[in-house]
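Here is a short report on the structure shown below.

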Amino acid sequence: MSGVRRTTWAALRARRRALGRLAAWSVAESLPALLSGLLVARAVDRGFLAGQFATGLAWLAGLAAAVLVGAAATGQVYRSLGAVVEPFRDELAARVVQAALHDAIRAGGRPDSAAVARLTHQVEVVRDTFGGLLLVVRGFLFTAGAALLGLLALAPPLAGAVAAPLVLGLAVFAAALPAMVAHQRAQVTAGEELGRAAASALAGHRDVVACGAQDRMVTGVDRRVTAQADAERTLARMAALRSLSLGLGGWLPVVVLLLAAPWLVRQGLSTGAVLGALVYVTTGLQPALHSVVQGVGGGGLRYAVTLGRVLRTCPPPGPAPRPAALLGPAPRPAGAGAPAVRVRGLTFRYGPHARPVLADFTLTVADGEHLAVVGPSGAGKSTLAALVAGLVPAESGTVHLAGAPVATAAPDALARLRVLVPQEAYVRSGTLADNLRYLHPEVDDATVAAAVDALGARPLVTRLGGLAAEIDPGALSAGERQLVAAVRAYLAPAPLVILDEATCHLDPTLEATVERAFARRPGTLIVIAHRISSATRARRVLVFDGDRPIVGTHDELLRRSPTYRELVGHWQDVAPPPRVPLARA
């Protein structure tokens with residue numbers, strides 16, 4: 001709860017000006033609550049009971065004018081409320097997305113779109129409940145305060161008689177609030193555990209039946225059903241405390257006024273004043289108390305529980321990462337002569353009992369070399385690319401890039417050493433130039449133009465309307481997105497480029513143009529090959545030949561590796577895939 005309180009107060013303090021506008025309009029909105037009882041009392045005493053019907057109507061007309069002012073102010077209240085709530089929602093959404101991205105790019109991390117969807121839904125719940133909570137608490141403070149001030153001006157003794165049970169009802173509610181929060185959290189947790197248990201039972205029902213574990217599984221699910229039902233019943237009992245506080249603070253003042261009315265009249269209090277006091281209680285204090293108790297007891301509890309979950313799941317964001325070009329030169333602990341890639345004793349598997357994808361694997365790629373990696377589908381080519389890039393941790397062994405150990409390198413240090421282009425290219429909304437300069441924002445127009453021409457992307461740039469054109473990623477074909485990503489990687493300052501089937505949607509001619517351009521680029525190139533032609537263009541080829549990867553030239557592997565000979569024959573016998581056009585009619 002402390003984290004929820006700190007976050008809430010920080011959000012409010014950061015928007016003092018918007019809160020000030022909200023308070024100012026709330027004063028205007030509470031004008032009817034301030035004047036209603038007093039004007040009704042004047043209308044009764046000086047108008048209707050005195051036989052002055054027109055005077056009574058004039059007093060009520062004043063009340064109608066106050067209501068109109070309050071209604072106009074209500075619209076401004078909601079506008080001011082949005083200025084407080086929406087920036088808070090944006091901050092939480094940014095925190096969720098940044099935490100998800102941080103988790104996805106850490107060593108061993110995986111993108112989890114379902115988790116992001118759940119968390120962004122929770123952010124919307126926080127936004128709605130935060131707005132509702134702020135609205136009802138503000139409404140209670142201003143409406144109840146205005147009603148008590150009006151009651152004090154009308155009949156000071158009555159103000160004390162009404163305020164005492166109101167304070168008592170609020171005290172009962174405040175005392176029960178921590179227990180309500182705990183039971184609300186328990187109810188949410190029980191519901192989530194029940195959902196996980198039911199999903200696990202349904203997903204593994206065949207194994208459960210095969211193992212004869214139906215009774216055990218049913219017992220486990222039933223236990224969670226019972227726990228969830230108990231939590232719901234306990235939460236329902238908490239509603240009785242809300243009703244008690246409403247009864248004490250909202251209805252007890254009415255009873256006090258009705259019972260004391262004859263005595264008050266005998267003491268000289270006018271009939272209009274008694275009626276005005278009832279108006280203050282029934283149209284001001286009672287609705288305000290009902291709104292704050294129901295709002296805090298319902299939406300407020302959801303706000304506390306949901307925001308607490310978001311804060312636990314998403315740690316505070318750190319400083320935003322800067323593009324690699326702005327981070328300075330990459331460290332080279334082993335000196336300038338270190339190989340671009342050095343892999344020693346690398347072992348990796350996708351589960352503790354799974355067959356190793358790589359076992360005691362060793363590889364050295366010299367600075368400036370061009371290496372192609374080939375092999376059957378599922379042999380581990382993309383896994384090797386991810387290990388070299390530092391995206392997944394190895395079970396054992398080491399990977400060094402330019403002498404720097406990948407396992408202990410920070411993400412910004414890795415970004416200075418290598419750039420990985422996956423098969424599914426990412427293109428973001430914005431201008432084409434922004435997309436191409438994403439990894440090197442300081443690069444000049446001439447360098448961008450040279451890269452576009454070197455990779456054969458000039459027809460695409462022309463079709464899109466030039467570098468300054470706004471692009472829609474969804475309107476680009478898969479090949480066009482790959483070409484944009486290739487130019488972006490070509491411009492990156494990292495000395496090592498890893499193309500993981502990054503040209504598979506390009507036609508063979510354009511693919512050759514892209515690979516030759518990267519081969520001429522200063523630095524080292526590793527190509528996870530989609531076509532055998534990529535292997536023939538490389539200086540050396542790594543082929544996944546069963547459990548023993550083999551490295552050699554194209555001609556050497558034709559003599560030494562049956563798998564390579566089979567791959568060459570397979571790829572050469574199959575017609576090339578249809579060309580993905582870069583221009584559309």
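## The sheet and its helix

Leu346 has Phe361, in strand β2, as its bridge partner. This is a predicted model. Helix α10 (residues 381–389) packs on the sheet and touches β1, β2 and β4 (396–401). The direction of α10 makes about 120° with that of β1.

The sheet is open and has four strands. Their order is β2-β1-β4-β5, and the pairing is antiparallel. The edges are β2 (358–365) and β5 (404–405), each of which pairs on one side only. Strand β1 covers residues 341–348. Five bridges join β1 to β2, and the two run antiparallel.

## A helix pair

Helix α3 spans residues 31–48 and helix α9 spans residues 271–313. Their axes come within 8 Å and cross at roughly 155°. Angles over 145 degrees count as roughly antiparallel, so α3 is roughly antiparallel to α9. The contact draws on residues of α3 including Ala33, Leu34, Leu38, Ala41 and Val44. On the α9 side, Gly272, Leu275, Gly276, Val279 and Tyr280 are among the residues that take part. The crossing of α3 past α9 is right-handed.

## Salt bridges

Side chains of opposite charge can pair when their charged atoms come close. How many salt bridges does a search of the whole structure find? The search gives 17. Three of them are set out here.

| Pair | N to O distance |
|---|---|
| Glu86 and Arg89 | 2.9 Å |
| Glu124 and Arg89 | 3.1 Å |
| Glu511 and Arg531 | 2.8 Å |

Start with Arg89. Its side chain meets that of Glu86 in a salt bridge. Glu86 and Arg89 both lie in helix α4 (residues 53–105). They are three residues apart, about one turn of the helix. Arg89 also forms a salt bridge with Glu124. Glu124 lies in helix α5 (residues 113–154) and Arg89 in α4, so this pair ties together parts that are 35 residues apart in sequence.

Now the third pair. Glu511 lies in helix α16 (residues 508–520). Arg531 lies in the loop between β10 (524–528) and α17 (532–537). The pair therefore ties together parts that are 20 residues apart in sequence. Both Glu511 and Arg531 are buried.

## One buried valine

Val452 lies in helix α13 (residues 445–454). Its relative accessible area is 1% and buried means under 20%, so Val452 counts as buried. What is Val452 in contact with, leaving aside its neighbours within four places in sequence? Its contacts are Leu436, Ala457, Arg458, Val461 and Val487. Another valine, Val484, is 32 residues from Val452 along the chain. The C-alpha atoms of Val452 and Val484 are separated by 9.0 Å.

Conventions
Residues are numbered from 1 along each chain as its sequence is written. This is a predicted model: local features need pLDDT of at least 70, side-chain atom pairs count only at pLDDT 80 or more; totals for chains, interfaces and linings use all residues. Side-chain values use heavy atoms; hydrogens and water are left out. Two strands pair if DSSP finds at least two bridges between them. Contact means heavy atoms within 4.5 Å. Axes are lines fitted to C-alpha atoms, for helices over the stretch in contact, and angles run from 0 to 180 degrees between N-to-C directions. A salt bridge is a side-chain nitrogen of Lys or Arg within 4 Å of a carboxyl oxygen of Asp or Glu. Buried means under 20% relative accessible area, exposed over 50%, partly exposed in between (1.4 Å probe, protein chains only). Angles under 35 degrees count as roughly parallel, over 145 as roughly antiparallel, 65 to 115 as roughly perpendicular and the rest as oblique. A crossing is left-handed if the near helix is turned anticlockwise from the far one by less than a right angle, and right-handed if clockwise.
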